[in-house]
Amino acid sequence: MSANPTLAVGQDRAVSDTVKLYFWAALVLLIAELIGSVSIPLGPGKVVLLPMIWALLLGAAIGLASTRLPQGLSVSRSAQVRSAAILQYALLIFIAKLGLVVGGSLPTVIAAGWALAFQELGHFVGTILLGLPVALLLGIKREAIGATFSVGREPSLAIIGERYGMDSPEGRGVLAEYLTGTLIGAVFMAIVAGFIASLNIFHPYSLAMGAGIGSGSIMAAAAGAVAAQQTPEVAKEVMALAAAANLITTTLGTYFTLFISLPLAVWGYRVLEPRIGRTTKASFAQSAVDQTVVDEPVELGWSGRLSAWFAAAGLALLGTFVATKTLPAAALIAVALMIGAAVVGELLCQLFRRKVPAVCWVSLVAMFLTSPWCPLAPQITAAANSVGVLAVITPMLAFAGLSIAKDIPAFRRLGWRIVVVSLTAGFGTFIGAVFIAELFH
């Protein structure tokens, strides 16, 4: 009995698309790392374009130019959809890296005071209380959930990717939030934090805790603007508290966003959209795309997931080598640990019938490996440190860029509205945490 020819053609196309995507991702990563970091002065601060941003922009350019490229090199729409599916699982490698980084800091988090612990709630509720109503008033629909449930850093991409898929309105929302925050978030928060500090309404320590929103660059910019207006002694405390708050956000943020802020954003959208939601040009972003092309969802099997994990880890090694001109043996151990954590986390997720998302399991497994409770923690930590966080993020943004061209019409319709929503959500997470920290101060 002959095999199904349609199925065989589909499998061949999937393999061809995957190989093509890995080729382009490697080339994009190589170019992005060679360009390196570029600083652009802007007002009182500066915008720093890291290799991950170049990877995103280059990937998007390749997708947009697909109609002009030879057929063997063009990234078709089906390949762009597959890239989004690969990104969904590749992000688990980043989650594993993040867990390896923060595992050794768990005692610090546990020893933190109540003010630091509860300000975390302000970070993730503040985005929704301010950002979601603004998004709905501007006519943004389901994209508002992804754009306002958090400040849109890398763990948020992983959470939305697993829950909704990156090829969804929520996925477009979180990616737009990520882009805005990465490009102008640090400058915006520096201006806002500095202005609020000059009003002398809140204690500098409360402002410092609010600055730790989970992004190193934004934390440094906001805390620096606050510290610049204090005495040298207070300035040191401000930076220390901001770093501690940022650590707690990084450590606990995945769980807060997954179990508190995302359900709250979904509930808020369901309740508020019929009441205050408006219909504007942005409202038709999703429907216009759906009427043009209906994409069949891509679900990767175990072979596809392993392929995505190995590709992400391999690209991280490539980025490390290009950036540092060296590749220590410990780096191979580091990526093996990340892949192992992703595999074990996914197995645990399936074992418990996906009642707890893979993001949580991968994070827990990785954090345990470098926590004080693991007997091999010092050796594992030393190996994990040989591969930087940015080296792991850049491949993720390469896959995101390669998948984004199909969503350009939707992004174009969202336009300036999503920028306003993103900045409002960023302000909300800052001021919400400041208010709660002030109550416990």
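Here is a chat about a predicted model of one protein chain.

Biologist: Hi! To get started, how many helices and strands does the protein chain have?

Modeller: Hello! In this predicted model, the secondary structure comes to 18 helices and two strands.

Biologist: And what share of the residues is buried?

Modeller: Buried residues make up 56% of the 441 residues in the protein chain.

Biologist: What about contacts, how much comes from residues 24 or more positions apart?

Modeller: Taking contacts with a separation of 6 or more, 83% of them are between residues 24 or more positions apart.

Biologist: Let's look at some helices. At what angle do α3 and α17 pack?

Modeller: Helix α3 covers residues 77–102 and helix α17 covers residues 389–404, and the angle between them is about 165 degrees. Their axes are 8 Å apart.

Biologist: So why do you call that pair roughly antiparallel?

Modeller: Because angles over 145 degrees count as roughly antiparallel, α3 is roughly antiparallel to α17. The crossing of the two helices is left-handed.

Biologist: Which residues make that contact?

Modeller: From α3 they include Leu87, Leu91, Phe94 and Lys97. From α17 they include Val392, Met396, Phe399 and Ser403.

Biologist: How do the residues of that contact divide by class?

Modeller: The contact of α3 with α17 has 15 nonpolar residues, three polar and one charged.

Biologist: New pair, then. How do α14 and α16 pack?

Modeller: Helix α14, residues 329–351, packs with α16 at an angle of about 105 degrees, and their axes are 7 Å apart. Angles of 65 to 115 degrees count as roughly perpendicular, so α14 is roughly perpendicular to α16.

Biologist: Nice. Which residues are involved there?

Modeller: On the α14 side they are Ala330, Ile333, Ala334 and Leu337, and on the α16 side Ile380, Ala383 and Ala384. By class, that gives seven nonpolar residues, no polar ones and no charged ones.

Biologist: Moving on to a loop: where is Ser371?

Modeller: Ser371 sits in the loop between α15 (358–370) and α16 (377–384).

Biologist: Is Ser371 buried or exposed?

Modeller: Ser371 is buried, because its relative accessibility is 1% and the cut-off for buried is under 20%.

Biologist: What does the side chain of Ser371 reach?

Modeller: The side chain of Ser371 reaches the backbone oxygen of Phe368 at 2.9 Å. Leaving aside neighbours within four places in sequence, Ser371 is also in contact with Gly103, Gly104, Leu106 and Ala377.

Biologist: What about α9, how many of its residues are buried?

Modeller: Helix α9, residues 204–211, is mostly covered, with seven of its eight residues buried. Among them are Pro204, Leu207 and Met209.

Biologist: One more: where is Arg354 found?

Modeller: Arg354 is in the loop between α14 and α15. Arg354 also has a positive phi of about 60 degrees without being a glycine. Its relative accessible area is 39%, so Arg354 counts as partly exposed.

Methods: Residues numbered from 1 in each chain as written. Predicted model: local features only at pLDDT ≥ 70, side-chain atom pairs only at ≥ 80, totals over all residues. Heavy atoms only, no water. Helix = DSSP H or I, 4+ residues; strand = E, 2+ residues; numbered from the N terminus. Buried < 20%, exposed > 50% of the residue type's maximum accessible area, 1.4 Å probe, protein only. Polar contact = N/O pair within 3.5 Å; in protein donor to acceptor, adjacent residues only side chain to side chain. Contact = heavy atoms within 4.5 Å. Axes fitted to C-alpha atoms, helices over the stretch in contact; angles between N-to-C directions. Parallel < 35°, antiparallel > 145°, perpendicular 65-115°, else oblique. Left-handed = near helix turned anticlockwise from the far one by under 90°. Nonpolar A, V, L, I, M, F, W, Y, C, P; charged D, E, K, R; others polar.
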